[in-house]
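Here's a quick briefing for anyone opening this one up for the first time. Have a look around, then read on.

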Amino acid sequence: MRQIFDIHGGIHLPERKNMSNPGWVNDCDMPSKLFLPVTQHIGAPARPVVKVGDTVLGGQMIAEAQGPISVPVHAPSSGTVTAIEARAVPHASGLTDTCIEISLDGKDEWVGCEGLVNWRDETKAALLECVRLAGITGLGGAGFPTAVKIGSDRGRDIHTLIINGTECEPYITADDTVMQCFAQEIVEGAEILAHMVGAETLLLAVEDNKPEAADAMRQAAEALEIAEVVTFPTKYPSGGEKQLIEILLNAQVPSGGIPADIGVICQNPSTAIAVRDALIDGKPVTHRVTTVTGMSVKDPGNRRVMLGTPIRALLENAGFNADSADRIIHGGPMMGFAVTDLDMPVVKITNCVLAPTRSEISPPQPQQACIRCGVCAEACPASLLPQQLYWYARAKDQEQLERHNLMDCIECGACAYVCPSHIPLVQYYRSAKGSLRETVKERARSDNSRARFEARQERLEREAAAREAKRAARKAAAEARVKAGDDPVQAAIERAKAKKAQQRAE
Amino acid sequence: MSLMQVSSPHVHKPASSVQQVMKQVLLATIPGILVLTWFFGPGTIINIVFGSALALALEAWALWLRGKDYKTPLRDHSVIVTATLLCIALPPYSPWWLIAVGISASVLLGKHVFGGLGYNPFNPAMVGYVVLLVSFPLQMSSWTEPRGIGEVPGIFDAFVALFATSSYDAVTAATPLDLFRQNSGMLFDDLIQSKAELTGPIAGLGWDWVNLAFLAGGIWLLRRRIFTWHAPVGMLAALTICAALGYDEGSSTGGGSVPFHLFSGATMFGAFFIITDPVSSAVSNKGRLIFGAMVGILVYLIRVHGNYPDAVAFGVLLLNFAAPLIDQYTQPRIYGADKVEVDE
């Protein structure tokens, strides 16, 4: 048995996970239209490679990656491209994004997909290219391009790959379900990933509130020597990458760093499946398992849903009662964001659509004064002082915000959850982080121009000094000649005199 | 349906509010108040009822003057906590004007001048207490004799005392800390023997039970996670260490025994109800430990070498000044602050 370690802070939440019946997946009905955003990941948007009017097949690339940190987008089914336009997409910022609209023909015809014959024979570069072309991003919620994460130079000495099946947010059971239903595929994908990054240890991490998932994983991983299933006590936010690493390895990712800096890489179970599907079956990411739950849907559960499906269609598929809900949450109740438009599509990072009733998740209570009770600091998994950050954020005191490590906040929401004054702390931190980032950028810019200005000054001075030195040298040489009786002026006068005398003589 | 736009987290811990915190603090004072009432009569309760009513009125007035919503903040019970803590510290059977001056100083000078709840740099109850202590030293030292020595006044006496124009002329007696400070030339043990007020089972008569009752209330609050152990333990440990170091087998000029200091005056009340005020104390756990320890040291020094019999109020106010400085040097180590290598 591997020793488990504890993290600072954390909270115990009402889980409400049984509501969505983990362990079962149903297909969501095929919608008539899909809206596929070109940015479903962190990084540069993909560039559409289809035009309005084009017919597309399932699995066909419809937008290609642009730049090093980007991933392509593929059509989940066959149909016609009917529009390419800006639409509301699931993103905390509430901004719009270019979406490729596909009107489905219902035939669900696919391009021929061919996987690698034996992935063990391929070079790492070839495998990475497969992962990149398949449009794989982290499917847990952050959406970082997987090929970039596992291909990074910083990950040269990876010793441990962690498959993060913690899923510590309440309500969500997508990872739980995937682990129960597709354990074999996860282990296959994890083995490929471990091979690609050169990890000697593969940890399959499952919180102890998911015993069925842990059993399924144990069974599937039995034959794989490097793999070990690890369970640990349920506590929010154990699923945070940094927290999980501390729980499993008793090591901390340095502030401002990434897990690869200490030789660790974390991947979501669904991401492992996506890697397996891309390499073995040649299939890109076009579907995902999403939890649709909350007391405003009659038939909550996990659905295998085409990317681009409008959230409305997914909700209606689960028997949505629009009258009892007043907010729809994309993601979990702790870190998810409120959906602004029900026609927003399901994207690669959509692990949950939560439709609570008003009594289930009540409207926020009025904010009261901070009494510095410190329960937030007790709950903070990063050991920050949320109460101090709150004061400095309100005072816009960036020096103190930096000194109190605002940027190390993972926005898990544990502080705001326990705050007796109902202060929306995370909201303050997000906005303060935004302005702090701006300031840091601004500072870098001005530092850069100062450095350039100073370099130019220095060069000008150097040149002036060189000129001065040359002149001084010339002067010194001339003076030396005078001293040696070799005065050029006297010589010229003598020459002139001699010439005159000669003229007179003639 | 209209979609509500709220930022995460969407859920909140049930039944967690400022009201809840304040209510529990009030509940935790009940054992202490009951023991005070047993030994000294209903004076303290009358103090609290009158003081709280006045404090609520003053808070509403202050909020109205400041152009604030004066209904919601009244419901957070924080002003009742301030009034209750101040009134517990006042001698029972204080005249109404003494209470009024104290409450006004607490609510207006201690709290609203700085911007209300959460903005006060000093503990409001202690601001009121110190204003009274330096202004009306005579009235502030008129504690009645505890049950067992004198007659305990009844409820009627309490009302007479509250509204009497002249000072209430019940038999007042010096508290154990007064006797200790005024001691000249007697060995500590002889002093204890000579005065009935000093012969309780642990420390002074009645006062040891009062301290035990506040200790019980404090431990309950600790278990309810209203505050962490750091400040109270810091203060009690520092006081214990100081008393142990200063104890010289009970000479006439010595510092008094450890139980005498722990269970006299406002020690437990201060440790669990005053220095635990989160607003005006240090922020981090380490900071609160230092904050408490410094208060403990000051309490000992002022009790033994100072001019006032008890010292919790002065100790707390002095440390309130120092809290931002303590915060500056006691920031906890954050996750990932220094690199840790993995052993694999």
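This is a predicted model: local features need pLDDT of at least 70, side-chain atom pairs count only at pLDDT 80 or more; totals for chains, interfaces and linings use all residues.

**Helix α3 of chain B**
- Helix α3 covers residues 78–89 of chain B, and its end C-alpha atoms sit 17 Å apart.
- That agrees with the 16 Å its 12 residues should span, because each residue is taken at 1.5 Å.
- Of the 12 residues of α3(B), 12 are buried, so the rest of the structure largely encloses this helix.

**Where the chains meet**
- Chain B puts 37 residues into its contact with chain A, and chain A puts in 60.
- Sorted by class, the chain B side of that contact has 18 nonpolar, 14 polar and 5 charged residues.

**The domains of chain A**
- Chain A splits into domain 1, at 18–306, and domain 2, at 366–478.
- Taken over C-alpha atoms, the centres of these two domains of chain A are 34 Å apart.
- Where they touch, domain 1 of chain A gives 6 residues and domain 2 of chain A gives 6 residues.
- On the domain 1 side of that contact in chain A, 2 residues are nonpolar, 3 are polar and 1 is charged.

Technical notes. Residues are numbered from 1 along each chain as its sequence is written. Chains are lettered from A and ligands numbered from 1 in the order in which they are written. Domain bounds come from an automatic or database domain assignment. Two residues are in contact if their C-beta atoms, placed from the backbone, lie within 7 Å. Ala, Val, Leu, Ile, Met, Phe, Trp, Tyr, Cys and Pro count as nonpolar, Asp, Glu, Lys and Arg as charged, and the others, Gly among them, as polar. Helices (H or I, at least four residues) and strands (E, at least two) are DSSP runs, numbered from the N terminus. The expected span of a helix is 1.5 Å times one less than its number of residues. A residue is buried if 20 or more other C-beta atoms lie within 10 Å of its own, exposed if 12 or fewer, and partly exposed in between; C-beta atoms are placed from the backbone.
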